[in-house]
Amino acid sequence: MTDTALQIIVIGVLGLVGVGLYGLLAVRNLIKVIVALQIAVKGVLLGLVAAGMASGQPNLGESLAVTVIVADTIVAVVGLALAVQVRRHVGTLDIKALSSLQR
Amino acid sequence: MVAFMWLIILPLLASPAVYLIGHWGSRQNYPNAGRQAGLIALLATWVPFILAANTFSISGALTLTIGAMSLELDGLALLLAALSLGLGTLVALYSAEYMSADASQEKFYAMLVLLVAIMIGLGCATDLFNLWLWFEAMAVSSYLLVAFYREQPASLEAGVKYLVQSAVGSVFVLLGICVVLAATGTTNLSAIRATSALTPTFMAAGALFIIGFGVKAALVPMHTWLPDAHSQAPSGISAMLSGVVIEAGLIALLRALAALSGMAVSWGVLLIGFGVINLLAGNLLALRQRQVKRLLAYSSLSHVGYMLIGLGVGVYAGQAAGIEGGLFHMLTHGMMKGLAFLSAGALLWALYIRRGQHGALTIDDLNGASRRYPLMAFTLAVAVLALGGLPPLAGFMSKWLIFLAGAQTHNMFIVAVVIFAGLNSVLSLVYYAPIVNALYRKEPSNAVLAGGALPVTILIPILALTGGVILLGFWPSLLSGLVGPASQALLAALGG
C-alpha cells in the first residue's frame, strides 16, 4: 500500500471517529446516540484493516475487524434494548428528559 | 492445565444453563431454581480454581492454547480470579433474599455467573485484542445488571450513561490497538514488548489505552458514569462493580501499558498523576453526598486513587513494594467496599425494597439504626471506618503499605504525593464519620422503627466479609500468597 493511500485512509478513520464523537455530543435522541456510536466504531474497523495492511499482516487486521463487528453489534443491540425500555417507562427518547439523577 | 480450562469454561457454560434452569423452574412454580443453580455454579467453580491455584503455587504460570488464542494464568490473573469469584459467590448468596421479589431473577444470576467468568478470563488474556474482547464482554454483561430494575427511570438513566461512556472508551482502546498493530504487526503482548523502540508511537497508543480502559477504571475525568451506575444497580451488583469491575479495568490498563514497557517511567508518572486527581476529586465529591450508596460510589474514586499511587510508585521506581501495596489495596478495597455496599444494601432492603419501594437510602434514614439492627450497624461502621483507614482494620494496612513504599523511594516528589494521600485519608473521615454518628448517636427514624427483620442468607456474606476485613487488619500476610506472585508477574511484564 502506498503512503498516499494510507494517508487517505487515516484521514477517513479520524473523520469517521470524529463524526461519531461529535454526534454523541450534539444529538439528544437516544437512537441517534447509538447510531453515532456505530459510526465511530465503523471508523475503527477501517483503521484495523488499514493497520493490518500497513504492517504486512492483512489477515490479522481483517479477522480483528470481523470480530469487532460481532462484538459491536451486541453492544448496539443492548443499547437499543435500553432505548426500548426508556421509551416505555419514561415516555420519550430525549436524553435530556432522562437526566434526573443529582450530580 | 485441565483445571485452568475448567476454571474459565465451567462458569461460561453454566451461565446459559442457569438461565434455562431458572426459566424452567419459574414455570414449574419453583422460583428458587435460578438462584440455587447460580449459587451452585459459582461454588462448583471453586473446585477448578483451588486445583489451578495449587498447580500455580507448585509450577508457576499455567498456559492454555485454544486455536490461535492463548490464555495464561499468572499471578495477576489469579488475584483477579480470587477476588471476582470470592465476591461473586458472596453476592449470589446475598441476593437470594434481596432479589426474591423481582420477576425474572434467573437473568440476574445468569449474568452474575457470566460476569465472574469473564473477569476470570480477562485476567488471563495474553493478546491485546483478546484483552479488549474480554473487556467488552465484561462491559455488556454489566450494562444489563446495572439496568436490571428496568421499570425505574433512574436505573435506565444509569444504564444508558454507562453504556455510552463505556462504548466510547472501547472505541479509544480499539484505536490504540490500531496504532500498535500498524507499528509492530502483532497484537501479542510479549511480542509487542520485544519491539519497544518506537517511543512516540507507543506514547500515542498508551494515551489511547489510558483514556479507553480509564473509563472502566473510573479515572477522573472519565468517571461520571460511576456514581449513577453504582447507586442505581441492585446492591449486590454495586458491590461487584465497585469491588471487582473497576479493579478489572485497572488490571486491563496495566496489562496494556506493561506491553509498552519502553515507556515505564512515563506510565508511572501518569498513574501517580491520575491517582492524585482521583483522590482529591473523589473525596471532594463525596463530601456533599447525603445518599449512602452514592457516597460510597464517590469514595471508590478516591480508593482507585490510592491503588494508582501505589502502582504508579512501583512502576516509576521499579520496586515491588509499591506494586504490592497497590494490589493489596485492590483486594482489601474489594472486601471493604463489598462489605459497605452489602451492609447498606441490607438496610435499604429492610427499610424500602422489602415493601416494593425503590427509594434511595440517605444518611438520615440510618438514624438510630443500631437500636433496631445492631449487627448491620456494626458491620457498616466497620466497613466505613476501614475505608477511612482506621488502624486495626484492613484499610489501614493497605494504605500504610502504599505510604511506606512511597517513603522508601526517597524521592521528594513521591514523598510529597504520599503525604498528600495521607492527608486525604484523614479528609475522607469527614464523610465517613457522619454515617457512624447517625447509626449510633441519633434517635431512631420512623423508617428504621418500621423496618422488618433481616434473613440469614443476607447476614452470612456480610459477616464473612466483616471477619475478613478485621482479620486482614491484624494479619495482612494472609494474602501474601496472592499479592506476591501478582506483583512479580507485573514487574516481569514491565521488564523490571
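Me: How many cavities of 30 Å³ or more does the structure hold?

Reply: The structure holds three of them, where a cavity is a set of points, on a 1 Å grid over the protein atoms alone, at which a 1.4 Å probe fits but cannot get out. This is a predicted model, in which local features need pLDDT of at least 70 and side-chain atom pairs count only at pLDDT 80 or more, while totals for chains, interfaces and linings use all residues. Residues are numbered from 1 along each chain as its sequence is written, chains are lettered from A and ligands numbered from 1 in the order in which they are written, and side-chain values use heavy atoms, with hydrogens and water left out.

Me: Which residues line the largest cavity?

Reply: Lining residues have an atom within 4 Å of a point, and here they are Ile34(A), Leu37(A), Gln38(A), Val41(A), Asp72(A), Val75(A), Ala76(A) and Ala167(B). A helix is a DSSP run (H or I, at least four residues), numbered from the N terminus. By class, six of the lining residues are nonpolar, one is polar and one is charged; Ala, Val, Leu, Ile, Met, Phe, Trp, Tyr, Cys and Pro count as nonpolar, Asp, Glu, Lys and Arg as charged, and the others as polar.

Me: What classes of residue has the lining of the second largest cavity?

Reply: That lining has eight nonpolar residues, with no polar and no charged ones, and among them are Leu254(B), Trp267(B), Val315(B) and Leu494(B). Helix H10 (235–259) and helix H11 (264–287) of chain B are the elements that give two or more residues to it, and the largest share, three residues, comes from H10(B). The volume of this second largest cavity is about 40 Å³.

Me: How many aromatic pairs does the structure hold over all chains?

Reply: There are 14, counting rings of Phe, Tyr and Trp (its six-membered ring) whose centres lie within 6.5 Å, with planes under 30 degrees apart called stacked, over 60 edge-to-face and the rest tilted. Trp46(B) and Phe49(B) have ring centres 5.5 Å apart and planes at 85 degrees, so this pair is edge-to-face. The two are separated by about one helical turn because they are three residues apart in helix H2 (residues 33–59) of chain B.

Me: Is Phe49(B) buried or exposed?

Reply: Phe49(B) counts as buried, at 8% relative accessibility, whereas Trp46(B), at 26%, is partly exposed; buried means under 20% relative accessible area, exposed over 50%, and partly exposed in between (1.4 Å probe, protein chains only). For a stacked pair, look at Tyr94(B) and Tyr98(B), whose ring centres are 5.5 Å apart and whose planes meet at 25 degrees. Both tyrosines lie in helix H3 (residues 75–98) of chain B, four residues apart, and both are buried. Phe108(B), Tyr109(B), Phe148(B) and Tyr149(B) form one aromatic cluster.

Me: Where does Leu479(B) lie?

Reply: Leu479(B) is in the loop between helix H19 (456–474) and helix H20 (480–493) of chain B, and this loop residue is buried, with a relative accessible area of 18%. Leaving aside neighbours within four places in sequence, Leu479(B) is in contact (heavy atoms within 4.5 Å) with Phe328(B), Leu331(B) and Leu472(B). The C-alpha atoms of Leu479(B) and Thr332(B) are separated by 9.7 Å, although these residues are 147 residues apart along the chain.

Definitions and conventions:
On a 1 Å grid over the protein atoms alone, a cavity is a set of points where a 1.4 Å probe fits but cannot get out, and a pocket is an open set with protein on both sides within 12 Å along at least five of seven lines; lining residues have an atom within 4 Å of a point. Grid points are joined across faces, edges and corners, and a volume is the space filled by probe spheres set on the points.
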